[in-house]
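Good morning, and thank you for coming.

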Amino acid sequence: MTTAPGIAVASALLTTPSAVAAEGPDAGVAWHYGDPLREQRRLAAGEAAVDLSNRGVLTVTGTDRLSWLHSMTTQALTGTPAGEARETLVLSPHGHVEHDLHLVDDGATTWITVEPGTAGVLHDWLDRMRFMLRVEVADVTADWAVVGAAPALAARLRVSDAPPIWVDPWPALGPGTASYAAAPEEDHPGRERSFAEVLVPRAGLAEVLADVPLAGSWASEALRVAAWRPRLGLETDHRTIPHEVDWLRTAVHLEKGCYRGQETVARVHNLGRPPRRLVFLHLDGSEHTLPAHGDPVLLGERQVGFVTTAARHHELGPIALALVKRSAPADAPLLAAGVAAAQEVVVAP
């Protein structure tokens with residue numbers, strides 16, 4: 001099962017004046033609309049919305065939908081109240097992260113959004129796993145577009161008969177889970193980021209956002225990085241287990257029944273530490289370019305990891321997330337693609 005992001009649907013908002021198209025995992029939407037730092041400030045203040053319409057959208061209907069998803073993924077989903085947001089992961093048999101599902105149920109249908117380009121693969125896998133259960137899976141990406149915003153603005157953008165908004169649970173610790181963060185919970189920078197996804201009819205995307213200030217993926221990614229929030233396909237590779245990026249806190253229930261990959265999750269949690277750890281990097285601001293995803297992170301002349309996401313933040317300047325070996329000293333200065341970087345520990349070594 002692949003998790004490589006790709007272009008799902010090109011957004012109608014790319015025709016907006018000043019829109020600059022994003023590349024890579026965010027291709028299909030705008031990178032910015034001419035003033036990315038101002039867009040960041042407005043997005044952080046809850047005044048702007050970000051086009052996430054390249055994300056995939058799936059629905060699951062049928063009486064058994066929640067118990068069925070519960071049995072295959074990392075989160076406790078049985079009995080999920082209508083309108084309550086959940087995050088859950090699909091793991092490989094060896095416990096490696098394959099899909100990240102943003103999920104909300106409306107009482108009759110479970111709505112799921114996923115990374116760009118992954119909806120078809122996830123749909124096909126789920127469809128094969130139905131067996132005799134009373135569930136139906138549909139890919140409705142062509143009908144619904146995802147918009148990101150602060151929860152209050154997302155609620156105002158929601159049209160009648162649309163699904164409930166998905167309010168990002170990060171970084172709140174859910175029941176039956178654990179934190180791998182080094183920082184005290186009250187100091188976690190993710191507490192400063194309030195974010196939600198609202199589904200709007202794709203045909204009416206431009207109309208719904210006609211009077212709303214827009215922010216591009218540059219803005220939303222910078223705020224995500226500053227919040228230490230992992231993203232599938234960027235903070236993950238084919239070997240990533242949830243512990244390495246502190247994903248247990250919002251996406252994994254440690255006390256639920258058996259699911260694919262659970263043995264690895266339980267063994268690492270109970271008997272050891274993950275082999276790698278996510279770090280936050282303050283980058284040397286004198287450089288004009290940012291490291292790219294996958295660029296090496298060096299300790300002296302030795303590679304100890306790779307850059308996952310780099311961004312320019314409106315207050316913090318150039319920043320990045322990186323995945324490094326657990327053995328890398330937490331207080332050592334690093335080089336990210338040749339750029340001097342000071343560590344801030346995310347996952348404790």
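Strand S3, residues 49–51, is joined to S12 by two bridges, and these two strands run parallel. In that pairing, Ala-49 has Leu-214 of S12 as its bridge partner. Strands here are DSSP runs of E with at least two residues, helices are runs of H or I with at least four, and both are numbered from the N terminus. Two strands count as paired if DSSP finds at least two bridges between them.

This is a predicted model, in which local features need pLDDT of at least 70 and side-chain atom pairs count only at pLDDT 80 or more, while totals for chains, interfaces and linings use all residues. Residues are numbered from 1 along each chain as its sequence is written, and side-chain values use heavy atoms, leaving out hydrogens and water.

S3 and S12 belong to an open sheet of five strands with mixed pairing, in the order S10-S11-S9-S3-S12. Its edge strands, S10 (166–167) and S12 (214–215), each pair on one side only.

Let us turn to the helices. How do H1 and H6 cross? The axes of H1 (residues 36–44) and H6 come within 8 Å and cross at roughly 60°; axes are lines fitted to C-alpha atoms over the stretch in contact, with angles from 0 to 180 degrees between N-to-C directions. The two helices are therefore oblique to each other, the class left over when angles under 35 degrees count as roughly parallel, over 145 as roughly antiparallel and 65 to 115 as roughly perpendicular. Contact, meaning heavy atoms within 4.5 Å, involves residues including Leu-43 of H1 and Trp-218 of H6.

The largest nonpolar core has 26 residues, and Leu-89, Trp-247, Val-252, Leu-278 and Phe-280 touch the most other members. Such a core is a set of buried Ala, Val, Leu, Ile, Met, Phe, Trp, Tyr and Cys residues joined through side-chain atoms within 4.5 Å, where buried means under 20% relative accessible area with a 1.4 Å probe, protein chains only. Among the elements supplying at least two residues each are H6 (217–226) and S13 (276–283).

Finally, consider S18, residues 339–345. Five bridges join S13 to S18, and the two run antiparallel, with Leu-283 opposite Ala-341 in S18. S17 (residues 334–336) is also antiparallel to S18, through three bridges. In the hairpin of S17 and S18, two residues lie between the strands, and Ala-337 takes a positive phi near 55°.

Note on methods:
Buried < 20%, exposed > 50% of the residue type's maximum accessible area, 1.4 Å probe, protein only.
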